[in-house]
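Let's explore a protein model together, one question at a time.

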Amino acid sequence: MTTPLPVFRLLLAFGAGLILTGLPAPSRAQNIVVMVNGDPITDFDIEQRSKLDQLTTQKVPARQDVINELIEDKIKMKEGKKYGVDPGVSDINGSYEGMAQRMRLTPDQLTKSLESKGVRPETLKGRMKSEMVWTSLVRGRYKEKLMVGERDVAQAVQAQNGDKLQIEGTEYKMQPIVLIVPRGSSPAFQETRMKEAEQYRSRVGSCEEANSLFRSTPNATIRESVTKTTAELPEALRKVLDDLPIGHLTAPEVTKAGIEMVVLCARKPTMIDTPKKREVREKMYQEKYEKTQKTYLEELRKAAMIEYRNR
């Protein structure tokens, strides 16, 4: 489950901001305004973040709000180092390139657009790195706390629209197998391969046996396993899989690829998912995430050494 970084949630506004008239060129003032755990925040840092925030939100941010953002970034980065969470240059550049692509720009075009508004690309990359570190920390340290139970999701959806959503279904884990029949092969050859398939069916009693057999059989291939639910399969195939013993092969069928079968690796009850359930699950996760990260950050900020030098 993905949780969008705050900087990415501003992407559309940010893209629109790039077509605004240029902002004044940045000053190079390096006066220290705040020390955070011994790490300085300068006037230039504040100017840069202010311009970035103005570009992304279309509003002029209050100076103290910008200072608070930078203080929190310093705190997040220190906590990240404590737990060994430190994205490398390639990770940051990858996120930067991803943002450029979503804006239909090349990384160089994004850099030039930022610079034309007085924002160094390092300012955006610094914010990206801070959010990457923070997201990783929150998810890693509070993984169990952030889990959303399926029963809670179903109850929440039912409370919203009154639908009975706890519909039981079945989840099937399968591996397709193909005995290759080259194009133009004679009917006799195809019949021979069908007989071979039936012989293989009598020999296979588990997924492990199927993998061992077909990975070493010439002119045969076993593909990666796939998992499907009741809602994703046609009724006829569901009936076949429901009647098939675990670890056995379905009856061979002639396809364009050759003679195909499926080995049933697992079958278990599950709750059928729906778009509404996914939407509610994501919302519940996001609410938990926001509450957890806010409390975490407040605790870190109380313990931090924050010293103002100049306002």
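Q: Is Cys 207 buried or exposed?
A: Let's begin with the cut-offs: buried means under 20% relative accessible area, exposed means over 50%, and partly exposed lies in between, with a 1.4 Å probe and protein chains only. The relative accessible area of Cys 207 is 10%. Cys 207 is therefore buried.

Q: Which residue does a disulfide join to Cys 207?
A: A disulfide here is a pair of cysteine sulfur atoms within 2.5 Å. A search of the whole structure finds one disulfide. With an S to S distance of 1.6 Å, the partner of Cys 207 is Cys 265.

Q: How many residues apart in sequence are the parts that the pair Cys 207 and Cys 265 ties together?
A: Helices (H or I, at least four residues) and strands (E, at least two) are DSSP runs, numbered from the N terminus. Cys 207 lies in helix 10, whereas Cys 265 lies in strand 7 (residues 258–271). The pair therefore ties together parts whose separation in sequence is 58 residues.

Q: Is the disulfide of Cys 207 and Cys 265 left-handed or right-handed?
A: Look at the torsion about the S-S bond, which is about -65°. That value is why the disulfide is left-handed.

Q: How far can we trust this model, and what is the average pLDDT of the protein chain?
A: This is a predicted model, in which local features need pLDDT of at least 70, side-chain atom pairs count only at pLDDT 80 or more, and totals for chains, interfaces and linings use all residues. Residues are numbered from 1 along each chain as its sequence is written, and side-chain values use heavy atoms, leaving out hydrogens and water. pLDDT is the predictor's confidence in each residue, from 0 to 100. In this chain 86% of the residues score at least 70, and the average pLDDT is 87.

Q: Over residues 7–13 the pLDDT is below 50; how many contacts beyond near neighbours in sequence does this stretch have in the model?
A: Contact means heavy atoms within 4.5 Å. Residues 1–5 also have pLDDT under 50, with 15 contacts beyond four places in sequence. For residues 7–13, the number of contacts beyond near neighbours is 19.

Q: Which tyrosine is in contact with Ile 71, leaving aside neighbours within four places in sequence?
A: The contacts of Ile 71 include Val 34, Val 36 and Ile 41. Also among them are Arg 301, Ile 306 and the tyrosine we want, Tyr 308.

Q: What kind of aromatic pair do Trp 134 and Tyr 296 form?
A: Rings of Phe, Tyr and Trp (its six-membered ring) pair if their centres lie within 6.5 Å; planes under 30 degrees apart count as stacked, over 60 as edge-to-face and the rest as tilted. The count comes to three aromatic pairs. For Trp 134 and Tyr 296, the centres are 4.7 Å apart and the angle between the planes is 25°. This pair is stacked.

Q: Which helices hold Tyr 200 and Phe 214?
A: The ring centres of Tyr 200 and Phe 214 are 5.1 Å apart with planes at 70°, so the pair is edge-to-face. Tyr 200 is buried at 11% relative accessibility, and Phe 214 is buried at 1%. The pair links distant parts of the chain, with Tyr 200 in helix 9 (residues 187–203) and Phe 214 in helix 10 (residues 207–214).

Q: Is Arg 104 buried or exposed?
A: Arg 104 is found in the loop between helix 5 (89–102) and helix 6 (107–116). Its phi is near 60°, a positive value in a residue other than glycine. With a relative accessible area of 77%, Arg 104 is exposed.
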